[in-house]
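Let's take a friendly walk through the strands and their partners. Have the chain open beside you as you read.

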Amino acid sequence: MQLQPESEPDPRPVLVVDLGGQYSQLIARRVREARVFSELVSHRATVEELRRKNPIALILSGGPASVYADDAPRIDPAIFELGIPTLGICYGAQLLALELGGRVDRTNHSEFGRTELKASGGRLFAALPDEQTVWMSHRDTVVAPPTGATVVAESEHTPVAAFEDEERGLYGVQFHPEVVHTPHGQEVLKNFLYEVAGATPTWTPAAVIEEQVERIRAEVGTERVLCALSGGVDSAVAALLVHKAVGDQLTCVFVDHGLLRKGEAEQVVETFDGVFHVPLVHVQAQERFLAKLAGVTDPETKRKIIGEEFIRVFEDEARSIGNPPWLVQGTLYSDVIESGGTDGVAETIKSHHNVGGLPDDMTMKLVEPLRLLFKDEVRRVGEELGMPEKMVWRQPFPGPGLAIRIIGDVTEERLVTLREADSILQEEVRRAGLYRELWQSFCVLPAIRSVGVQGDSRTYGYPIAIRAVTSEDAMTADWARLPYDLIDLVSSRIINEIPAVNRVVLDVTSKPPATIEWE
């Protein structure tokens, strides 16, 4: 199907009904990767709630439960009477079968992992190989499809691996098309989205920008807006979207607490003030934060001090420019939803927005231009807006900054040492072409000293720990197998270029049991 970038974005979403599966968010992301807008909704949503959203299609997610369990997630059967094209995945397919005249049994053969599938026609498998590898994860099995449905695929131990009822628009697959272990899975989803549901692939960064600019203008009107820049990609993209919408009604406040990496504060100022000409207040509060952190070693106390001091500085600046009524916040879609567990989508919004720690009694109204976007979509919007590559693809960085990568008391000397070591690591990781393959890569400075020998003299210097991980979402992470030559080069440069350091170690712990950050 040809993309049509000039088309208006389809206002009708694909609703992914979360039945408690671990891949519910991933399904929503895969739909968006097909350039179709999707939303995640709870299985407790009523027929009326779904109808009001006017979906172009429904996808029922997998789930951890047996359809026969007492607490198994269910949906209102009246949803199947809406006439909306519906695809059930794994548990979702079993639920379709159970509710609509089919049969689901617990057989003697579970299927977990890669499985060979044989397709026999059907719209979901159009233009795909009849024999293909898919990823299964189930104990219960559909042994008879819903009344009126046709079996279109099977595996060795699953007689109904996929079924279709074209007349009623009901489709089910026992496997997981959303995971990378199903090589043709995205094509199966596209067949459902484009050919069955008639969705058009118009959910693009340019379309997102256009839609958000219109919404922000309608929401804010002629009132003034304030944005707290952190140096991260979320607040930066949110600020540029708002500036594109309302221009100089926006003022950005960048509180430089002196805990960023080498060159980052200068990059923020240059990008927003020099390139995009966004009204920017650069508050240089390095000494203020260092004074508050003096002698503090407990990581939670550090976080609390930095958060509270940020609020004080931000409030001072807000008052100095007349307390604008609107505040830009970089809330992401992953902040709005939490998937997994039998309850499915959470009803509440998580509190870890990137503005961080703003007081509950603030009366400012929120502008949240990224509220519908996942992290990867935020990056693509940033690229479309012309943000520098280094800022768009900046790895996640903690709000308290280098203060929690110094294990112990935070001093100016230790900050300089850690900043230089981290700069060397980042430079060499980028030169090796690995930066965007890693979720995070950084240095840690434990505030201890170890004995070393350099030349004819004994030294007593700091160790530097290298931490590099791969991850999809930071919920779990694996330590990155960096090339030995790269580790050797980084270690040699740190030792030779930073006199205060005489030892470099490599953190080879995954999450769990460790967290990604040391504090």
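In strand β3 (residues 57-60), A57 and I59 point one way while L58 and L60 point the other, and all are buried (under 20% relative accessible area with a 1.4 Å probe, protein chains only). Keep in mind that this is a predicted model, in which local features need pLDDT of at least 70, side-chain atom pairs count only at pLDDT 80 or more, and totals for chains, interfaces and linings use all residues. Residues are numbered from 1 along each chain as its sequence is written, and side-chain values use heavy atoms, with hydrogens and water left out.

Strands here are DSSP runs of E with at least two residues, helices are runs of H or I with at least four, and both are numbered from the N terminus. Two strands count as paired if DSSP finds at least two bridges between them.

| β1 (residues 14-18) and β3 | parallel | 4 bridges | L15 with L58 |

β11 and β12 belong to an open sheet of 5 strands, ordered β12-β11-β10-β13-β14 with parallel pairing. β12 (280-284) and β14 (365-367) stand at the edges with a single partner strand each, so one side of each has no neighbour in the sheet. From one strand to the next, the twist averages 25° (axes are lines fitted to C-alpha atoms, for helices over the stretch in contact, with angles from 0 to 180 degrees between N-to-C directions).

Helix α6 (residues 233-246) packs on this sheet, touching β10 (225-229), β11, β13 (326-328) and β14, where contact means heavy atoms within 4.5 Å. The direction of α6 makes about 155° with that of β10.

How values were computed:
Buried means under 20% relative accessible area, exposed over 50%, partly exposed in between (1.4 Å probe, protein chains only).
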